[in-house]
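This briefing covers selected features of one chain. Please view the sequence and the coordinates alongside the points that follow.

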Amino acid sequence: MADSRKVVDPSLRLLVYTLSGCAALVVLAALLTVQNQPPDSVRDLVTATALVVTVALATVIKTPLRIRSTTLAFAWVETAIVIGLAVAPASWVILATGVGVGCGSITRLAPIKTTFAVAKHTLVAGGSALVTLLFGGIWPPHEPLHILLLLGLVYLVAALLDDLLAMPVIALASGTPIVRQFRTDLDLRVAGFAVRFLVAACTVLILRADPRLLLAVPPLVLSLHLAYSARIRTRTEQQAWQRLARATDALNVVDLDQVLTTAVTEASELFSADEVEIELRDGGRTVRGNGTDIAYDGTAPQPSAVDGQVMPVPLEGHDRTDDVGVLRLRFAGPVELSEREQYTLRTFASALCTAVRNAQAYAELARIAEDHAYAATHDALTGLSNRRHLLDEGSAQLTTRHADGVTALVLIDLNHFKEVNDTLGHGAGDRVLIQVAERLRDAANPDDLVARLGGDEFAVLLRGLPAPAVAAHRAEALLAALHDPLDLDGMRISVEASGGIAVAPATGGMPELLRRADVAMYQAKRAGQRVATYAPARDTADLSRLTLGGELPRAVADHEFTVNFQPIVDLAGGEVIGAEALARWHHPTHGLIDPLRFLEAVERSGLLPAFAEAILDQALIAAGSWRDAGFDLPVSVNVSPRSLLDARFPGAVLARLRAHDLPPDRLVLELTETLTLSQLDVVDRVLSRLRDSGVRLALDDFGTGYSSLSLLSRIPVHELKIDRSFVGAMETAPEAAAVIRSTLDLGRSLDLTVVAEGVESEPQRRALWELGCAAGQGHLFARPLPAAALLAALQRGHGGRTGALAPALHDAGAVIRLPGRRTGRTRPSPPAATDARQP
């Protein structure tokens with residue numbers, strides 16, 4: 001083993017000088033010995049000269065191998081030493097080794113590297129000579145087998161000494177642990193020693209048989225050297241390609257921090273660099289380290305601890321259109337990369353560029369998704385949680401209430417808030433709501449959830465109460481926080497509020513808790529109190545609900561459930577393109593009852609299949625009558641999550657379609673975001689069968705739940721419906737408009753129809769149309785109507801246009817330039833979106 005290209009460590013110098021001192025003692029002993037047996041003939045002088053020349057040539061002929069900024073080499077010196085011990089006295093060989101290595105190294109290496117080479121090989125020669133002397137020499141009168149055994153022993157000592165003396169120096173020079181350095185390419189080193197031993201053995205035996213055959217040795221040595229060098233290069237390149245494949249595979253992650261850390265450590269090993277640095281253009285972030293750890297990660301300029309050669313490589317794609325940063329390899333000394341290493345470096349830099357771009361794109365998508373999730377669960381004006389978030393968090397809390405204590409809800413409504421809006425304007429009213437939200441947030445405990453339900457109505461979910469009575473004290477504290485006047489542009493405004501308290505019921509979940517708090521709040525208003533606690537005895541609504549539940553079988557049997565239809569309209573032209581079915585209960589005593597009061601009871605009663613079939617029949621009958629009258633409109637019907645758990649549901653739907661002779665694509669089944677939809681495989685099978693049969697699917701209230709995007713990846717829907725809360729707030733809340741815009745972009749990218757709910761005014765209609773929304777429904781066009789009334793409205797039309805319920809936003813044939821209009825479809829697909837609940 002041979003030289004290193006640089007020395008930077010003081011401990012390395014000390015080690016080299018120590019080896020040199022030991023070698024000097026060996027040389028001194030050889031000089032004392034050679035006086036007893038000096039070269040005294042021409043033949044001896046030729047032999048001594050040949051030994052020096054052979055060692056010098058063996059020093060020059062070597063196979064290089066780079067580790068970091070240190071170059072190692074496999075040489076033939078120990079072979080020359082062993083052959084020399086077979087033909088000359090040991091003292092001659094030791095002195096010839098020192099002189100030959102010095103002559104072969106002095107013109108090519110730095111002084112300290114020459115010193116190390118001379119010292120190491122002199123010590124190897126001394127150790128080998130000592131073994132030879134102990135066994136009486138290698139040459140005759142020994143037999144060939146005896147010669148081979150002794151030669152093998154001497155060569156083994158030479159090889160071990162060479163490794164033991166070289167490895168500590170190489171490890172210090174390259175910054176590699178000694179054990180790891182010893183294991184690196186151990187198989188190649190062993191193979192090299194075996195080849196060189198074979199050459200030494202053949203040479204000695206040839207000299208014993210006939211010295212003239214020595215002429216065949218140089219070609220043999222040259223051939224073996226070339227073959228061994230080729231083997232080392234092949235092995236090195238194979239390992240390099242394998243490391244490149246592993247390194248690029250390791251970059252296939254979406255976390256930018258992990259990409260950069262992996263790139264630094266992998267590049268350090270792949271290119272044997274002392275340090276690797278990655279600097280990104282976006283943000284100026286710099287990550288620097290080596291194969292074991294990250295030394296720096298930040299944006300502030302900081303010099304590197306490695307002072308030497310720097311190889312910068314731009315991080316650009318294969319087409320060189322993107323430049324995300326620069327990769328720098330740092331070496332403590334001069335290094336020249338081979339052509340293969342340069343190609344590997346460019347390939348790695350291109351893979352790293354792709355990995356960085358992918359990680360940055362994923363981070364941006366995650367940020368956008370997080371923003372959308374936040375907007376979907378928080379009130380745009382006050383930043384508090386919204387109704388959906390309150391319901392979701394409350395439902396989760398109620399499942400663990402036995403372990404976490406008592407759960408209660410405080411519902412707070414501002415008294416006479418309309419007067420603030422009417423007197424000072426809606427802007428002032430918004431500022432009042434913001435200040436009220438801040439006071440409630442400050443007065444609440446860290447574990448409480450403060451929400452704005454809409455308008456001037458707030459709610460606080462109290463979690464982990466030690467006893468139900470504590471809820472009243474907490475509610476008093478919340479309302480007391482609103483007692484002091486508010487400062488509004490220099491004016492001091494007093495705000496009064498009423499609160500209702502309800503403790504979590506044993507059944508009914510979060511909707512029932514919210515309803516009870518609402519009942520208590522209105523009891524407080526009627527009684528002129530600031531706070532009231534829910535009392536079941538005074539809840540007439542709850543008693544009537546129990547009564548209605550008992551009447552459900554009769555209602556289904558007597559066909560008391562009817563359906564009204566709200567039209568879905570093309571926003572651009574005003575034409576009706578679909579209708580949403582809304583269930584109603586015509587009670588013989590109580591009159592018209594909306595779905596909020598009976599749907600939950602229907603689902604719990606076991607009458608859901610019969611109820612669903614009755615609603616579906618009426619919807620399909622209406623669609624058939626419209627078709628016969630010349631209006632082929634799809635109809636949408638809401639589907640209960642419980643129906644999706646019934647494997648027989650698709651068959652029942654398709655049977656009703658056949659019975660009414662309607663194509664499957666004339667029916668749209670509307671789904672709501674629920675845990676049921678996102679978790680159960682049976683739902684996937686039910687929905688897949690319906691879709692495969694041609695029935696269209698719509699996702700209702702899109703954007704208001706946590707699972708919108710994940711549901712789209714599992715449920716094969718055709719349409720999305722934008723929740724009315726976003727439509728109502730889009731004119732005053734930029735966040736709501738952003739959610740609508742993102743939903744429309746998503747719909748276009750997935751080729752889905754998007755329908756906006758709750759369109760109440762012409763400005764809303766025009767704003768939605770300009771954003772690229774093709775369809776909408778709401779009271780602007782029509783309230784829910786019986787099937788016959790809707791047909792009459794279609795036949796009557798608007799402005800002489802049959803089938804239209806609103807004027808067109810532009811004249812026929814006009815070229816319209818829409819401000820901020822995004823590219824995409826402008827003509828809606830047959831929509832549908834329905835709700836069997838209150839619109």
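In this predicted model, helix 3 (residues 77–87) is largely enclosed by the rest of the structure, because 10 of its 11 residues are buried. The buried residues of helix 3 are Val-77, Glu-78, Thr-79, Ala-80, Ile-81, Val-82, Ile-83, Gly-84, Leu-85 and Ala-86.

**Whole chain**

- The chain holds 30 helices and 23 strands.
- Of its 839 residues, 49% are buried.
- The accessible surface amounts to about 38,500 Å², and carbon and sulfur atoms account for 58% of that area.
- Taking contacts between residues at least 6 apart in sequence, 71% of them link residues at least 24 apart.

- Five strands form an open sheet in the order 5-4-3-7-6, and the pairing is antiparallel.
- Strand 5 (294–298) and strand 6 (309–316) are the edge strands; each has a single partner strand, so one side of each is left without a neighbour in the sheet.
- On average, neighbouring strands of this sheet are turned by 15° against each other, with direction ignored.
- Strand 3 (residues 275–280) pairs with strand 7 (residues 323–331) in the antiparallel sense, over six bridges.
- Val-276 has Leu-329 of strand 7 as its bridge partner.

**Helices 10 and 11**

- Helix 10 (residues 256–270) packs on the sheet, where it touches strand 3, strand 4 (286–289) and strand 5. The direction of helix 10 makes about 145° with that of strand 3.
- Helix 11 lies across strand 3, strand 6 and strand 7, and runs at about 50° to strand 6.
- Two packed helices are described by the angle between their axes and the distance between the axes.
- For helix 10 and helix 11, the axes come within 9 Å and cross at roughly 170°. The two helices are therefore roughly antiparallel to each other, the cut-off for that term being an angle over 145 degrees.
- On the helix 10 side, the residues that meet helix 11 are Leu-256, Val-259, Leu-260, Ala-263, Ala-267 and Leu-270.
- On the helix 11 side, their counterparts are Thr-344, Phe-348, Leu-352, Ala-355, Val-356, Ala-359 and Gln-360.

**Asn-386, a buried loop residue**

- Asn-386 sits in the loop between helix 11 (339–377) and helix 12 (387–398).
- With a relative accessible area of 15%, Asn-386 counts as buried, because the cut-off is under 20%.
- A polar atom of the Asn-386 side chain lies 3.3 Å from the backbone nitrogen of Arg-388.
- Leaving aside residues up to four places away in sequence, Asn-386 touches Ala-375, Ala-376, Thr-377, His-378, Asp-379, Ala-451 and Arg-452.

**Loop residues with positive phi**

- Most residues other than glycine have a negative phi.
- Asp-661 has a positive phi, near 55°, and is a residue other than glycine. Asp-661 is in the loop between helix 23 (649–659) and strand 19 (667–671).
- Asp-661 counts as exposed, with 57% relative accessibility.
- Asp-751 is not a glycine either, and its phi is positive at about 60°. The loop that holds Asp-751 runs between helix 28 (734–749) and strand 22 (753–756).
- Asp-751 counts as exposed, with 53% relative accessibility.

Notes:
Residues are numbered from 1 along each chain as its sequence is written. This is a predicted model: local features need pLDDT of at least 70, side-chain atom pairs count only at pLDDT 80 or more; totals for chains, interfaces and linings use all residues. Side-chain values use heavy atoms; hydrogens and water are left out. Helices (H or I, at least four residues) and strands (E, at least two) are DSSP runs, numbered from the N terminus. Buried means under 20% relative accessible area, exposed over 50%, partly exposed in between (1.4 Å probe, protein chains only). A polar contact is a pair of N or O atoms within 3.5 Å; within protein, one must be able to donate a hydrogen and the other to accept it, and residues adjacent in sequence count only if both atoms are side-chain atoms. Contact means heavy atoms within 4.5 Å. Accessible areas come from the Shrake-Rupley method with a 1.4 Å probe; for residues, only the protein chains shown count as cover. Two strands pair if DSSP finds at least two bridges between them. Axes are lines fitted to C-alpha atoms, for helices over the stretch in contact, and angles run from 0 to 180 degrees between N-to-C directions. Angles under 35 degrees count as roughly parallel, over 145 as roughly antiparallel, 65 to 115 as roughly perpendicular and the rest as oblique.
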